[in-house]
Amino acid sequence: MTTDAGLHRNIHPNHYDHNSDQVTMEAFSATGGEDYKLSVDCERVWSGKLSFSHRTVTLGKASMGVWTIPRSQVANLKISILADAIEGNPAHSLIEFPTNDKSRRRDIARRLAALANTQALSRI
């Protein structure tokens, strides 16, 4: 068992490649409409199963499942992870992307997807 806390990311069905059994970088892309912040849930607060249930049952949104990536690996990308508890989701956090560097945002999304596909702590 790892001691590295994870960050849960619900993956929309459109951001999952069934042929390769991998998530795409779009699953980890933050947009201007989201202020370049990517929603995740903190494993220390609740499980991947709770994250999935919250998204699909409580919010009624689509999800292929939850991939949990190592928080330390995200931090190694030199981007901020902000606690952002919201009503009904005390585990909610945000990965903050650079707002003024599209190339860096794409690189971060590509690296996060690679983490999910190769080093996921769990997949639900």
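The secondary structure of the chain comprises 3 helices and 8 strands, where helices (H or I, at least four residues) and strands (E, at least two) are DSSP runs numbered from the N terminus. The model is a predicted one, in which local features need pLDDT of at least 70 and side-chain atom pairs count only at pLDDT 80 or more, while totals for chains, interfaces and linings use all residues. Residues are numbered from 1 along each chain as its sequence is written, and side-chain values use heavy atoms, with hydrogens and water left out.

Read from the N terminus, the elements follow the order β-β-β-β-α-β-α-β-β-α-β. For 124 residues, a compact globule would have a radius of gyration near 14 Å, and the 13 Å of the chain agrees with this; the radius is taken over C-alpha atoms, and the globule rule is 2.2 Å times the number of residues to the power 0.38. The C-alpha trace spans about 35 × 35 × 35 Å along its principal axes. Of the 124 residues, 38% count as buried (buried means under 20% relative accessible area, exposed over 50%, and partly exposed in between, with a 1.4 Å probe and protein chains only). Among contacts in the chain with a separation of 6 or more, 72% come from residues 24 or more positions apart, a contact being heavy atoms within 4.5 Å.

Six of the strands are described together. An open sheet of 6 strands has the order E6-E7-E4-E1-E5-E8, with antiparallel pairing; two strands pair if DSSP finds at least two bridges between them. Strand E6 (80–83) and strand E8 (122–123) stand at the edges with a single partner strand each, so one side of each has no neighbour in the sheet. Strand E4 (residues 37–42) pairs with strand E7 (residues 92–96) in the antiparallel sense over 5 bridges. Within this pairing, Asp 41 stands opposite His 92 of E7, and Leu 38 stands opposite Ile 95 of E7. E7 also pairs with E6 in the antiparallel sense, over 4 bridges, and there Ile 95 of E7 is the bridge partner of Ile 81.

Lys 37 and Glu 96 meet in a salt bridge (3.9 Å, N to O), defined as a side-chain nitrogen of Lys or Arg within 4 Å of a carboxyl oxygen of Asp or Glu. Lys 37 lies in strand E4 and Glu 96 in strand E7, so the pair ties together parts that are 59 residues apart in sequence. Both residues are partly exposed, Lys 37 with a relative accessible area of 23% and Glu 96 with one of 29%. By the same rule the count comes to 5 salt bridges.

The side chain of Asp 107 meets that of Arg 110 at 2.5 Å, N to O, and the two residues are 3 apart in H3, about one turn of the helix. Asp 107 also meets Arg 111 in a salt bridge at 2.8 Å, N to O; these residues lie 4 apart in H3, again about one turn. An α-helix has 3.6 residues a turn, so residues three or four places apart point the same way. Arg 110 is partly exposed at 44% relative accessibility, as is Arg 111 at 39%. Salt bridges that share partners join Arg 104, Asp 107, Arg 110 and Arg 111 into one network.

In helix H1, Gly 48, Ser 51 and His 54 are buried. These residues cover an arc of only 130° around the axis, which puts them on the same side of H1; the arc is that of the directions from the helix axis to the C-beta atoms. The cover over the buried residues of H1 includes E1, E4 and E5. On the face turned away from the buried side, H1 carries the exposed residues Lys 49, Val 57 and Thr 58. Just after H1, Gly 60 takes a positive phi of about 70°.
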